[in-house]
Amino acid sequence: MEKVLITRRISDDALALIRNSGYETTVYAELKNISQDELIKMCEGHVGLLSVGPNQIDEHFLGACPQLKGIALMSVGYDKVDLEAANKHRMPISNTPDVLSEATADTAFLLMLSVARNAFYMHKSIERGEWNFFDPMQNLGQELYGKTLGVLGLGRIGLEMAKKAKAAYGMDIIYHNRNRNEQAEKELGAKYLSFDELLQQSDVLTVHVNLTEETKGLFDKSAFSKMKPNAIFINTARGAIHNEEDLLLALQNGTIWGAGLDVTNPEPMDSNNPLLNMENVCVLPHIGSATKETREKMAMMAAENIVAALKGERMPQVINPEVYK
Ligand SMILES: NC(=O)C1=CN([C@@H]2O[C@H](COP(=O)(O)OP(=O)(O)OC[C@H]3O[C@@H](n4cnc5c(N)ncnc54)[C@H](OP(=O)(O)O)[C@@H]3O)[C@@H](O)[C@H]2O)C=CC1
Ligand SMILES: O=CC(=O)O
């Protein structure tokens, strides 16, 4: 029987889907990072890979695993995939779009409100025994009602975040993409701006672009210097999109007001990172899509895709359709 390697535990339903389609499964259940060489070794004897976590799929990996017929990622982001190498090896690769958009936008929204009210720091201050008496001039956050939400990357997740901010706080929506999002302009009155205008006009700037050579390090000293002093920076996309040193300085100097991060560079973040002790900073350990419901849908989608690849069918969520030409 042909075998599929799954690099982390996934839901029973998704495993059953693969097994009931006539494939054996090997689940790597150890909770430790897997090096590329370990992954290559683990793939021996397997024709399908369901990749969960940040596994690098590049020329070296693909050259070393010629037996693979398809790779299903259990993520929407595919910045760890070298698409040119995948196309060269005619390797179909899929991702898990849409099913995680709401959960990830919830995480961005959670960070926006938490930063606006210093929620994580307040929690830690109680643990430190600092809740002593009521002072009406202390612990003051800022309100979001009627403020402007800037979205960098108004795609699937960015749109969900914009809808929530509009519904909850009547926020004005401005955005920057490479292409205009006419649906959002019609439904939310979203206004298209240049990147610099977005920096200058956002009260909250939420990042939802894919990590690419173009977006890597986009939020640096120069970008933060153009933002408002009351601005809240939210990144639930990828940590490498902001420069962490420049972000720390911008927060320390009061160039911007606060930051909420679900993604860092590197991951995991060091527990001594100074950002973790700042009043207006909230950091989460890359839990954007981490709800039971969403992870089940992602696992099912990845399972359906790997089964399609092994049957010689087109993967429904293929990211490199060129391989089918
Ligand atoms: N924290 C977490 O757990 C999660 C993080 N993510 C991250 O979120 C990202 C977005 O996911 P999703 O919304 O589904 O993706 P989409 O492709 O739907 O949206 C991405 C948006 O970014 C825009 N964009 C891409 N490149 C640029 C650029 N160079 N300049 C300006 N805009 C750009 C695109 O528009 P256009 O093409 O017109 O430029 C598009 O609107 C993922 O790639 C992933 O990294 C996703 C899920 C969970
Ligand atoms: O970071 C998560 C993803 O799905 O991409």
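The model is predicted, so local features need pLDDT of at least 70 and side-chain atom pairs count only at pLDDT 80 or more, while totals for chains, interfaces and linings use all residues. Residues are numbered from 1 along each chain as its sequence is written, and chains are lettered from A and ligands numbered from 1 in the order in which they are written.

Let us begin with the record. UniProt, in an unreviewed entry, lists "domain: D-isomer specific 2-hydroxyacid dehydrogenase catalytic" at residues 4-320. Residues 110-288 are 32% helix and 15% strand, with end C-alpha atoms 10 Å apart. Helices (H or I, at least four residues) and strands (E, at least two) are DSSP runs, numbered from the N terminus.

Now look inside. A residue is buried if 20 or more other C-beta atoms lie within 10 Å of its own, exposed if 12 or fewer, and partly exposed in between, with C-beta atoms placed from the backbone. A nonpolar core is a set of buried Ala, Val, Leu, Ile, Met, Phe, Trp, Tyr and Cys residues joined through C-beta atoms within 7 Å. The largest such core has 52 residues, and M112, A162, I173, I232 and I234 have the most contacts inside it. Helix α5 (residues 101-116) provides the largest share of this core, seven residues. A second, separate core of 41 residues includes F61, M74, V81 and A86.

Which residues of α7 are buried? They are I157, G158, L159, E160, M161, A162 and A165. Their cover includes α5, β6 (148-152), β7 (172-176), α8 (182-188) and β9 (204-207). Contact here means C-beta atoms, placed from the backbone, within 7 Å. Leaving out residues up to four places away in sequence, A162 touches L149, V151, L154, I173, A184, L188 and A190. Just after α7, G170 takes a positive phi of about 60 degrees.

Next come the ligands. A residue is near a molecule if its C-beta atom, placed from the backbone, lies within 6 Å of it. Ligand 1 is surrounded by 30 residues, and the closest are G77, G153, G155, R178 and G288. Helix α7 gives the most to this shell, with three residues. Around ligand 2 you will find S75, V76, G77, L100, G288 and S289.

Finally, follow the backbone through some loops. The peptide bond from N265 to P266 is cis, with omega near 10 degrees, and P266 is found in the loop between β11 (258-261) and β12 (281-283). The bond from E267 to P268 is also cis, with omega near -5 degrees, and P268 lies in the loop between β11 and β12. R90 is not a glycine, yet its phi is positive, about 50 degrees; R90 lies in the loop between α4 (83-88) and β5 (93-94). Because R90 has 13 C-beta neighbours inside 10 Å, it counts as partly exposed. H286, in the loop between β12 and α12 (292-310), has a positive phi near 50 degrees. With 19 other C-beta atoms within 10 Å, H286 is partly exposed.

Terms used: UniProt positions renumbered as here; feature names shortened; annotations may be inferred. Contact = placed C-beta atoms within 7 Å.
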